[in-house]
Amino acid sequence: MPEPIDVVEALLFASETPVEADRIQEVLDLGSAGEARELVRVLSGRLDGQGRALQIIEVGGGYRLVTRPEVAPWLVKLARSRTRSRLSRSSLETLAIVAYRQPVSRPDIDAVRGVNSEAVLDNLLDRRMIRIAGRKDSPGRPFLYETTRDFLVAFGLRDLTDLPKVEGELVIPETPADATSSDAPADTTESTPATDPHQQDPGAGGPELAPRG
Amino acid sequence: MTGPALSPETESQGITVHVESFVGPLDLLLHLCRTNEVDLANLPIRTITEQYLAHLESVQFQDLESAGAFMVMAATLIYLKSKLLLPVDPDAPPEVLDEEGELLRQELADRLREYARIKALGTWLGEREAEQALLYGRTVAELPLPEDVPLEDLSVHLLQRAMLRLIEEQKRQAPRQVEPNPLSVLERMGEIIELLRHTWSLLFSSVAGAERVRTEWVVTLLALLELVRLGQARVHQAELFGDIVIESGPTTDTAPSLPSEDIVAQENEPTSGDSAHA
């Protein structure tokens with residue numbers, strides 16, 4: 001009879017998506033999600049302590065069993081391929097806008113970027129980094145975009161509060177500011193004094209962002 | 001509001017070599033502000049405009065649309081600069097704009113500030129992505145599919161895209177070939193008889209066509225065999241694979257006529273069943 005902790009390891013090994021604590025609790029018939037979290041914690045400690053090639057990371061609201069970065073070179077060799085295809089700068093910037101402003105429409109994204117983002121958004125949709133969240137009640141009823149769980153997984157984020165906090169308009173909607181764990185990149189603050197009270201509008205598409213006629 | 005201390009020396013340095021490409025006009029503008037160490041709140045329109053226009057010549061546009069975006073920004077900057085060149089109040093210090101111009105500059109500065117944040121966040125995301133790319137986990141489960149598939153990450157939009165892709169695919173397909181009506185053995189028989197009325201000898205190739213279209217040849221051969229069976233034509237071939245010579249048959253004395261009704265009925269079907277008669 002396997003121990004529950006071994007079952008947890010098996011679950012994480014076999015699943016393609018992050019496994020939530022609730023799900024572990026459900027599958028193992030545990031008393032609470034806290035028990036599940038504790039099992040994961042112990043398992044994670046065991047993997048770390050034994051210096052195994054695998055580790056548990058917390059992303060997208062669940063747990064994943066992944067390889068350690070140190071063994072990546074051999075995996076690349078095994079795959080007989082270069083590293084994975086990465087997102088372009090345009091894609092990353094667009095993704096950043098969607099992540100912080102979601103749900104956000106293309107005209108609003110275009111206004112921030114200063115260029116048309118249609119192709120970039122299509123690419124991000126194809127890669128399941130974003131999805132359609134609905135339509136905006138503005139002329140043309142444009143689609144509203146939001147990030148997906150795949151986005152969180154791809155960037156190793158537990159949830160949106162893992163995104164760095166930024167001053168100004170780019171506050172995460174409906175998220176307490178103290179929940180953010182990471183520091184803003186130094187770049188963001190150097191040119192943006194935090195003493196700009198008029199910048200605190202968190203609206204999804206403030207009038208100042210209207211595309212220039 | 002006066003522009004920040006940008007010495008003429010800095011301005012005259014002019015050429016900035018850049019290897020990275022700019023993803024938009026704001027990206028370029030931000031780059032110029034950074035290299036000039038300009039405070040975005042006091043955007044020096046004159047300097048920035050000149051440098052922007054200078055850079056514009058070296059920017060490689062990805063497409064017409066992005067080129068347009070760069071041009072719109074250029075137009076805005078030139079507009080602002082023109083306002084500076086024509087001060088309303090001659091006593092006003094340089095780099096002072098009228099109300100509209102000041103609003104425009106403010107808006108530009110706001111957008112630049114916003115874009116600077118986004119750019120930094122994009123960089124941050126890029127670093128995260130690079131880190132995560134080193135971690136390999138399962139992406140396709142070996143587990144049997146659940147009985148009910150959760151549709152959480154699907155949307156109507158995906159359906160629409162699938163449909164569009166289908167339509168695109170259909171468009172790309174070559175136009176459909178419209179087959180002409182199949183040749184009729186009966187018609188070909190009539191043609192041969194008609195020809196034999198005016199001449200007493202024919203070459204098979206002249207009837208079937210020199211292009212050697214397979215169906216033409218098959219139909220002609222079947223028609224010919226039918227005529228021979230009916231005694232309306234004679235054929236002979238001098239050598240193997242040689243051309244077949246068609247001559248009026250023994251019955252050409254009597255007026256050549258179209259085959260009788262029973263043949264007509266059978267021959268209305270195209271070539272498929274004809275060999276049985278021949």
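Student: Which residue does B:R234 stand opposite in β3(B)?

Tutor: B:R234 stands opposite B:E247 in β3(B). Before we go on, this is a predicted model, in which local features need pLDDT of at least 70 and side-chain atom pairs count only at pLDDT 80 or more, while totals for chains, interfaces and linings use all residues. Residues are numbered from 1 along each chain as its sequence is written, and chains are lettered from A and ligands numbered from 1 in the order in which they are written.

Student: What makes β1 and β2 of chain B edge strands?

Tutor: The open sheet has three strands in the order β1-β3-β2 of chain B, with antiparallel pairing. β1 (201-203) and β2 (233-237) each pair on one side only, which is what marks them as edge strands. Neighbouring strands of this sheet are turned by 25° against each other on average, with direction ignored. Helix α9 of chain B, residues 214-229, lies across β2 and β3 of that chain and runs at about 120° to β2(B).

Student: Why is α5(A) called largely enclosed?

Tutor: Of the 13 residues of α5(A), 12 are buried, so the helix is largely enclosed by the rest of the structure. Among the buried ones are A:L92, A:I97 and A:Y100. The buried residues pack against β3, α6, α7, β4 and β5 of chain A together with α5 of chain B.

Student: How do you know that α5(A) has the span expected of a helix?

Tutor: The expected span is 1.5 Å times one less than the number of residues. With 13 residues, α5(A) reaches 18 Å from its first C-alpha to its last, close to the 18 Å expected.

Student: Why are α5(A) and α5(B) called roughly perpendicular?

Tutor: Axes are lines fitted to C-alpha atoms, for helices over the stretch in contact, and angles run from 0 to 180 degrees between N-to-C directions. Angles of 65 to 115 degrees count as roughly perpendicular, under 35 as roughly parallel, over 145 as roughly antiparallel, and the rest as oblique. The axes of α5(A) and α5(B) come within 8 Å and cross at roughly 110°, and the two helices are therefore roughly perpendicular. Residues in contact (C-beta atoms, placed from the backbone, within 7 Å) include A:L92 and A:A96 of α5(A) and B:L121 and B:L125 of α5(B).

Student: What makes α5(A) and α7(A) roughly perpendicular?

Tutor: The axes of α5(A) and α7(A) come within 10 Å and cross at roughly 80°, and these helices are therefore also roughly perpendicular to each other.

Key: Pairing = 2+ DSSP bridges. Helix = DSSP H or I, 4+ residues; strand = E, 2+ residues; numbered from the N terminus. Contact = placed C-beta atoms within 7 Å. Buried ≥ 20, exposed ≤ 12 C-beta atoms within 10 Å, placed from the backbone.
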